[in-house]
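Here is a walk through one protein model, taken in short steps. Keep the coordinates open and follow along.

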Amino acid sequence: MATTFEVNFDGLVGPTHNYAGLAAGNEASRRNQRTISHPREAALQGLAKMKALSDLGLKQAVLPPLERPAMHVLRRLGFDAPDEANVLRQAQRDAPEVLSACLSASNMWVANAATICPSADAADGRVHFTPANLIGNFHRSIEAPDTAHVLRRIFADESRFAHHEPLPAVGGFGDEGAANHTRFCAAHSGRGLHFFVYGQTGLREGQARPSRHPARQTKEACEAIARLHRIPAAQVVFAQQTPEAIDAGVFHNDVIATGNERLHFYHEQAFVDCERTIATLGEQFREMAGGELVSAVVTRDELSLDEAVACYLFNSQLITLPTGAMALIAPSEGEELPASRRVIERMIADPANPLAEVRYLDLRQSMRNGGGPACLRLRVVLAEAEITAVPPGVFINERSYALLTAWVSRHYRESLDPDEIASPGLLLEVRTALDELTQILGLGSIYHFQQT
Ligand code: SUG
């Protein structure tokens with residue numbers, strides 16, 4: 001019986017879910033800018049994914065949405081009218097782009113919330129957390145302090161959990177969290193090989209850079225996290241994303257590669273010097289785990305970079321079922337594109353590939369902002385004793401699923417027009433909803449408005 005589990009913490013989509021076109025290098029976000037969003041449907045789609053994984057026998061938990069509108073950020077930026085309706089009005093009039101960033105529900109993509117190192121790999125035997133600074137985009141950078149606060153609240157036991165500050169908020173240390181990090185292992189209970197992927201060096205010169213879109217993750221950030229998490233050098237590999245992938249819209253590595261246990265599923269254009277990177281991973285894995293890492297590579301002839309970005313095949317979740325078999329949780333877009341379906345069928349048919357089945361899920365509301373199944377979850381490998389130190393209310397089961405879906409149906413708007421999003425009415429609705437949510441999850445007061 002396994003005593004260590006990969007727990008998926010999914011971000012609950014917040015009530016202000018909207019399409020603001022805010023995200024650099026993210027084609028879906030640009031394309032859908034200012035279209036009408038459907039917050040209720042978005043949150044229910046996310047919850048349905050959590051329930052589906054829980055029904056498959058996996059441990060599934062939820063992270064609460066952060067407070068939006070971020071009134072504390074607006075005030076910090078000088079919108080200082082005494083009443084909140086006027087703070088919103090002032091911001092709308094003088095800096096609509098700032099307001100829009102302060103309304104974004106982007107914290108739903110918790111693969112970017114932090115990078116995690118399980119206790120089996122850290123020299124001090126604790127689970128390590130470094131919240132991502134997300135400095136590549138203003139609307140995401142404001143997530144970092146509040147994410148840090150929520151993670152400290154959920155993983156509160158200092159004898160088991162170590163929390164680091166987000167890295168310095170400068171370009172040289174741009175960090176987008178677990179979306180650029182994969183941990184390979186023979187089994188979750190054993191040691192893991194940490195694969196950090198960056199877009200460019202931040203402080204040193206000399207490496208190729210994308211020309212069209214920014215590289216959000218730096219090598220210096222990856223190195224700092226490996227140090228902070230006290231991972232032995234033999235269990236760390238760094239690699240660079242190809243500039244052409246970033247320029248095609250691969251703004252995080254999880255848009256072009258993923259992994260689980262001993263399976264690495266990636267596109268041949270994912271990494272600079274791909275052959276050497278894969279060879280190094282193989283050698284270090286063999287050394288650490290005594291077995292072979294399975295490299296499931298997809299060629300550009302099978303699926304072009306543009307197709308990979310359009311269907312988000314690589315942003316699927318690879319999971320190990322309680323039977324030990326592996327399953328792929330893929331977005332429905334991955335089923336609709338014949339080339340992507342063929343890749344999945346080929347992998348399932350290959351006896352050397354541990355993938356046994358695929359499930360397609362409808363996550364279209366999130367996908368329209370560039371967030372597939374993998375973006376919506378943060379993997380936290382926890383031993384049984386560590387799980388007991390987590391507040392029970394955050395786990396998904398029949399009861400919490402029923403409570404959360406009823407809560408969403410009660411409080412979320414069916415649709416949100418970009419022009420109504422700054423209304424004081426929405427602010428009040430959101431606060432009522434979030435206040436109730438903290439009671440459902442049993443987390444105490446975590447929001448700024450609850451402190452006043
Ligand atoms: O950072 N989109 C997010 C999507 C993040 C997906 N995460 C992973 N690949 N792990 C981003 O680009 C769009 C918000 C808007 O435009 O309204 C946004 O922030």
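This is a predicted model: local features need pLDDT of at least 70, side-chain atom pairs count only at pLDDT 80 or more; totals for chains, interfaces and linings use all residues.

Start with helix 4, residues 84-94, and helix 17, residues 424-441. They pack at an angle of about 125°, and their axes lie 9 Å apart. Helix 4 brings Glu84, Ala85, Leu88 and Arg89 to the contact. Helix 17 answers with Pro424, Leu427 and Arg431. Sorted by class, the contact of helix 4 with helix 17 has four nonpolar residues, three charged ones and no polar ones.

Now take the second pair. Helix 2 spans residues 39-55, and helix 16 spans residues 398-411. Here the angle is about 175°, with the axes 10 Å apart. Helix 2 is therefore roughly antiparallel to helix 16. On the helix 2 side, the contact is made by Arg40, Ala43, Leu44, Leu47, Ala48, Lys51 and Asp55. On the helix 16 side, the residues are Glu398, Tyr401, Leu404, Thr405, Val408 and Ser409. By class, the contact of helix 2 with helix 16 has seven nonpolar, two polar and four charged residues.

Next comes helix 8, residues 219-228. How many of its 10 residues are buried? Eight are, and the helix is mostly covered. The buried residues are Lys219, Glu220, Ala221, Cys222, Glu223, Ala224, Ile225 and Ala226. Charged side chains are on that list too: Lys219, Glu220 and Glu223 are buried. What covers the buried residues of helix 8? The cover includes strand 3 (114-117), strand 4 (127-131), strand 7 (192-198) and strand 8 (236-240). Just after the helix, Arg230 takes a positive phi of about 55°.

Two loop residues deserve a look. Gly371 lies in the loop between helix 14 (364-367) and strand 15 (377-383). Is Gly371 buried or exposed? Its relative accessible area is 0%, so Gly371 is buried. Beyond residues up to four places away in sequence, Gly371 touches Trp109, Tyr312, Asn315 and Ser366. Ala28 is 343 residues away from Gly371 in sequence, yet their C-alpha atoms are 8.8 Å apart.

Ala111 sits in the loop between helix 5 (96-103) and strand 3. Ala111 has a relative accessible area of 1% and is therefore buried. Setting aside neighbours within four places in sequence, Ala111 is in contact with Glu176, Gly177, Ala178, Ala179, Asp254, Ala374, Cys375 and Arg377. Ile329 is 218 residues from Ala111 along the chain, and 15 Å separates their C-alpha atoms.

Finish with the rings. A pair of aromatic rings is described by the distance of the centres and the angle of the planes. The whole structure holds 12 aromatic pairs. One of them joins Tyr447 and Phe449, with 5.8 Å centre to centre and 5° between the planes. This pair is stacked. Both Tyr447 and Phe449 are buried. Elsewhere, Phe9, Phe129, Phe155, Phe161 and Phe395 form one aromatic cluster.

Note on methods. Residues are numbered from 1 along each chain as its sequence is written. Side-chain values use heavy atoms; hydrogens and water are left out. Axes are lines fitted to C-alpha atoms, for helices over the stretch in contact, and angles run from 0 to 180 degrees between N-to-C directions. Helices (H or I, at least four residues) and strands (E, at least two) are DSSP runs, numbered from the N terminus. Contact means heavy atoms within 4.5 Å. Rings of Phe, Tyr and Trp (its six-membered ring) pair if their centres lie within 6.5 Å; planes under 30 degrees apart count as stacked, over 60 as edge-to-face and the rest as tilted. Buried means under 20% relative accessible area, exposed over 50%, partly exposed in between (1.4 Å probe, protein chains only). Angles under 35 degrees count as roughly parallel, over 145 as roughly antiparallel, 65 to 115 as roughly perpendicular and the rest as oblique.
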